[in-house]
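Subject: A structure to look through

Hello,

Here is the structure I promised to hand over. Please open it first, then read my notes beside it.

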Amino acid sequence: MSSAWNASDVTPAGAAWLASAGTYPRSTLALWEERPDAPVVLPCGSVFDVVSAPAMFGRRMLDRLWDDGPGSGPVAEFRGRILLFAAPGTAQRLPALLEWEEWGARDSREATRTDAVPPLLCHGTGDAVTVPAPSEGTSPTVPAPSESTSPTVPAPSESTPLTGPAPAGTTAPTRSASRWLVAPDTRQPWLPGPEALLWAAIRAARSAVRISIFPPADRDAKVYDVSRRR
């Protein structure tokens, strides 16, 4: 069943949720007020974890989550990879679950269920990811947290890493191709845990081995109904 999605821009509540992951949320919001088209680097581990998958496989996982499962949390696309925002702790637990699935099928005559799962990059405590800009148009009017504003962190140089530890709230190079596929729209978005993402990865792997003689449909045309998200 085809789902529908309409969530390319971050809402004010969603922007506040994203900013809360950083050390100085007020500064991040102030930056977005001034530059709504600016991606930023935010830490993982407390507000969200991120599971990064190759673009094609990540879209298959997203399809499984929406067509057959509970839906997804926020999802972004960055430099040819899909970033699935997940519940804190997922980055630590998901690799162990994938390994368990692999060894659990060793005694079976069937192929291992995780054989077609590409390496997934799991970002948790101690890591940071580039978060797409809240909007390509005008800036949302974002509610400000109560803590004191810190000085806005200047944009990093071209040598600044785009994943891994980085100062929270720093701007990422705008030349990077990044966008929201399912944008945050609430201060407390539902986030899938490791079990949901394991389930989606296994089913995406199964669908990947079904080769079709027909060309794939335009993936950019697919949309997801965010009202179904838990």
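How many bridges join S3 to strand S8 (residues 178-182)? Four bridges join them, and the two strands run antiparallel. Two strands count as paired if DSSP finds at least two bridges between them.

First, some ground rules. This is a predicted model, so local features need pLDDT of at least 70 and side-chain atom pairs count only at pLDDT 80 or more, while totals for chains, interfaces and linings use all residues. Residues are numbered from 1 along each chain as its sequence is written, and side-chain values use heavy atoms, with hydrogens and water left out.

**The whole chain**

The protein chain has five helices and eight strands. Helices (H or I, at least four residues) and strands (E, at least two) are DSSP runs, numbered from the N terminus. Along the sequence, the pattern is α-α-β-β-α-β-β-α-β-β-β-β-α. Of the 230 residues, 48% count as buried. Buried means under 20% relative accessible area, exposed means over 50%, and partly exposed lies in between (1.4 Å probe, protein chains only). Now take the contacts with a separation of 6 or more: residues 24 or more positions apart account for 85% of them. Contact here means heavy atoms within 4.5 Å.

**The sheet**

Look for an open sheet of five strands. Its order is S5-S2-S4-S3-S8, with antiparallel pairing. Strand S5 (121-123) and S8 stand at the edges, each with a single partner strand, so one side of each has no neighbour in the sheet. Neighbouring strands are turned by 25° against each other on average, direction ignored. Axes are lines fitted to C-alpha atoms, for helices over the stretch in contact, and angles run from 0 to 180 degrees between N-to-C directions.

Start with strand S3 (residues 75-78). In a regular strand the side chains alternate between the two faces of the sheet. Val75 and Glu77 point one way from S3, and Ala76 and Phe78 point the other way. All four are buried.

S3 has a partner on each side. Towards S8, alanine 76 stands opposite tryptophan 180, and phenylalanine 78 stands opposite serine 178. Four bridges also join S3 to strand S4 (residues 81-86), again antiparallel. There, alanine 76 stands opposite leucine 83.

S3 and S4 form a hairpin with two residues between them. Arginine 79 is in the loop between these strands. What is the phi of arginine 79? The value is positive, about 45°, although arginine 79 is not a glycine. Most residues other than glycine have a negative phi. Arginine 79 is partly exposed, with a relative accessible area of 41%.

Next comes S2 (49-54). Five of its six residues are buried, so S2 is largely enclosed by the rest of the structure. S2 pairs with S4 in the antiparallel sense over six bridges, and valine 51 stands opposite leucine 84. S2 also pairs with S5 in the antiparallel sense, over three bridges. In that pairing, serine 52 stands opposite leucine 121.

Helix H3 (residues 55-67) lies across S2, S3, S4 and S8. H3 runs at about 120° to S2.

Now find helix H1 (residues 12-19) and helix H2 (residues 25-34). Their axes come within 8 Å and cross at roughly 135°. H1 and H2 are therefore oblique to each other. Angles under 35 degrees count as roughly parallel, over 145 as roughly antiparallel, 65 to 115 as roughly perpendicular, and the rest as oblique.

Which residues meet? Ala15, Ala16, Leu18 and Ala19 in H1 meet Pro25, Thr28, Leu29 and Trp32 in H2. By class, this contact has seven nonpolar, one polar and no charged residues. Ala, Val, Leu, Ile, Met, Phe, Trp, Tyr, Cys and Pro count as nonpolar, Asp, Glu, Lys and Arg as charged, and the others, Gly among them, as polar.

H1 is mostly covered, with six of its eight residues buried. They are Gly14, Ala15, Ala16, Trp17, Leu18 and Ala19. These buried residues pack against H2, strand S1 (40-43), S4, strand S6 (128-131) and S8.

Finally, find proline 39, in the loop between H2 and S1. Is proline 39 buried or exposed? At 4% relative accessibility, proline 39 counts as buried. The C-alpha atoms of proline 39 and threonine 130 are separated by 6.6 Å, though the two are 91 residues apart along the chain.

Best wishes
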